[in-house]
Amino acid sequence: MDKIKNYVETVLAPKLQGDGGWVEFESVNGEELTLVFRGECSKCLILSRCTDWIEDEIKHDLNKTVKVKAIRKKPYFQDV
(Lines give C-alpha, C1' and ligand atoms only; values in the text may rest on other atoms or scores of the structure.)
Protein backbone atom coordinates (compact mmCIF):
# COMPACT_ATOMS: atom_id res chain seq x y z
CA MET A 1 0.00 0.00 0.00
CA ASP A 2 2.76 2.47 0.89
CA LYS A 3 4.43 1.77 -2.44
CA ILE A 4 1.26 2.63 -4.38
CA LYS A 5 0.57 5.72 -2.24
CA ASN A 6 4.10 6.98 -2.76
CA TYR A 7 3.84 6.31 -6.51
CA VAL A 8 0.58 8.26 -6.78
CA GLU A 9 1.95 11.20 -4.80
CA THR A 10 5.41 11.43 -6.37
CA VAL A 11 4.94 10.23 -9.96
CA LEU A 12 1.31 10.51 -11.05
CA ALA A 13 0.18 13.64 -9.19
CA PRO A 14 2.86 15.91 -10.70
CA LYS A 15 1.94 14.74 -14.20
CA LEU A 16 -1.72 15.64 -13.66
CA GLN A 17 -0.83 18.98 -12.07
CA GLY A 18 0.72 20.00 -15.38
CA ASP A 19 -2.81 20.00 -16.86
CA GLY A 20 -4.43 21.76 -13.88
CA GLY A 21 -5.61 18.57 -12.24
CA TRP A 22 -4.96 17.11 -8.85
CA VAL A 23 -5.10 13.53 -7.60
CA GLU A 24 -4.91 12.37 -3.99
CA PHE A 25 -4.46 8.86 -2.66
CA GLU A 26 -7.46 7.76 -0.57
CA SER A 27 -7.07 4.02 0.02
CA VAL A 28 -6.32 0.57 -1.35
CA ASN A 29 -8.69 -2.28 -0.60
CA GLY A 30 -7.56 -5.47 -2.28
CA GLU A 31 -7.22 -4.53 -5.94
CA GLU A 32 -9.42 -1.42 -5.66
CA LEU A 33 -7.45 1.83 -5.56
CA THR A 34 -9.55 4.81 -4.49
CA LEU A 35 -8.30 8.19 -5.67
CA VAL A 36 -9.75 11.67 -5.15
CA PHE A 37 -9.67 13.89 -8.22
CA ARG A 38 -9.76 17.67 -7.80
CA GLY A 39 -9.11 20.74 -9.90
CA GLU A 40 -9.63 20.25 -13.62
CA CYS A 41 -9.92 16.50 -13.04
CA SER A 42 -13.07 17.04 -10.98
CA LYS A 43 -14.96 18.20 -14.05
CA CYS A 44 -13.13 16.29 -16.78
CA LEU A 45 -15.35 14.58 -19.33
CA ILE A 46 -12.74 11.91 -20.12
CA LEU A 47 -11.69 10.97 -16.58
CA SER A 48 -12.13 7.31 -17.46
CA ARG A 49 -9.20 7.59 -19.88
CA CYS A 50 -7.06 8.94 -17.07
CA THR A 51 -8.05 6.18 -14.67
CA ASP A 52 -7.24 3.60 -17.36
CA TRP A 53 -3.87 5.29 -17.85
CA ILE A 54 -3.20 5.22 -14.09
CA GLU A 55 -4.03 1.50 -13.97
CA ASP A 56 -1.63 0.88 -16.88
CA GLU A 57 1.16 2.94 -15.28
CA ILE A 58 0.87 1.08 -11.96
CA LYS A 59 0.83 -2.26 -13.80
CA HIS A 60 3.91 -1.31 -15.83
CA ASP A 61 5.99 0.40 -13.12
CA LEU A 62 4.94 -1.47 -9.96
CA ASN A 63 3.80 -4.78 -11.47
CA LYS A 64 0.50 -4.54 -9.57
CA THR A 65 -3.00 -4.86 -10.97
CA VAL A 66 -5.48 -2.33 -9.61
CA LYS A 67 -8.88 -0.98 -10.55
CA VAL A 68 -9.19 2.76 -9.91
CA LYS A 69 -12.29 4.05 -8.20
CA ALA A 70 -12.52 7.79 -8.91
CA ILE A 71 -14.07 10.26 -6.49
CA ARG A 72 -14.58 13.75 -7.90
CA LYS A 73 -14.31 16.74 -5.57
CA LYS A 74 -14.19 20.45 -6.13
CA PRO A 75 -10.85 22.14 -5.71
CA TYR A 76 -9.73 22.26 -2.08
CA PHE A 77 -10.55 25.93 -1.69
CA GLN A 78 -14.19 25.28 -2.68
CA ASP A 79 -14.75 22.29 -0.37
CA VAL A 80 -15.19 24.42 2.76
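A residue is called buried here if its relative accessible area is under 20%, exposed if over 50%, and partly exposed in between, with a 1.4 Å probe and protein chains only. By that criterion, 36% of the 80 residues in the chain are buried. The model is predicted: local features need pLDDT of at least 70, side-chain atom pairs count only at pLDDT 80 or more, and totals for chains, interfaces and linings use all residues. Residues are numbered from 1 along each chain as its sequence is written, and side-chain values use heavy atoms, leaving out hydrogens and water.

The chain holds two helices and three strands, in the order α-β-β-α-β from the N terminus on. These elements are DSSP runs (helices H or I, at least four residues; strands E, at least two), numbered from the N terminus. The C-alpha trace spans about 35 × 20 × 20 Å along its principal axes.

The axes of helices α1 and α2 come within 11 Å and cross at roughly 130 degrees. The crossing of α1 past α2 is right-handed. Contact (heavy atoms within 4.5 Å) involves the residues below.

| Helix | Range | Contact residues |
|---|---|---|
| α1 | residues 2-17 | K3, I4, Y7, L12, K15, L16 |
| α2 | residues 47-62 | C50, W53, I54, E57, I58, D61, L62 |

The residues of this contact comprise nine nonpolar, no polar and four charged. Nonpolar covers Ala, Val, Leu, Ile, Met, Phe, Trp, Tyr, Cys and Pro; charged covers Asp, Glu, Lys and Arg; the others, Gly among them, are polar.

Of the contacts in the chain with a separation of 6 or more, 55% join residues 24 or more positions apart.

How values were computed
Axes fitted to C-alpha atoms, helices over the stretch in contact; angles between N-to-C directions. Left-handed = near helix turned anticlockwise from the far one by under 90°.
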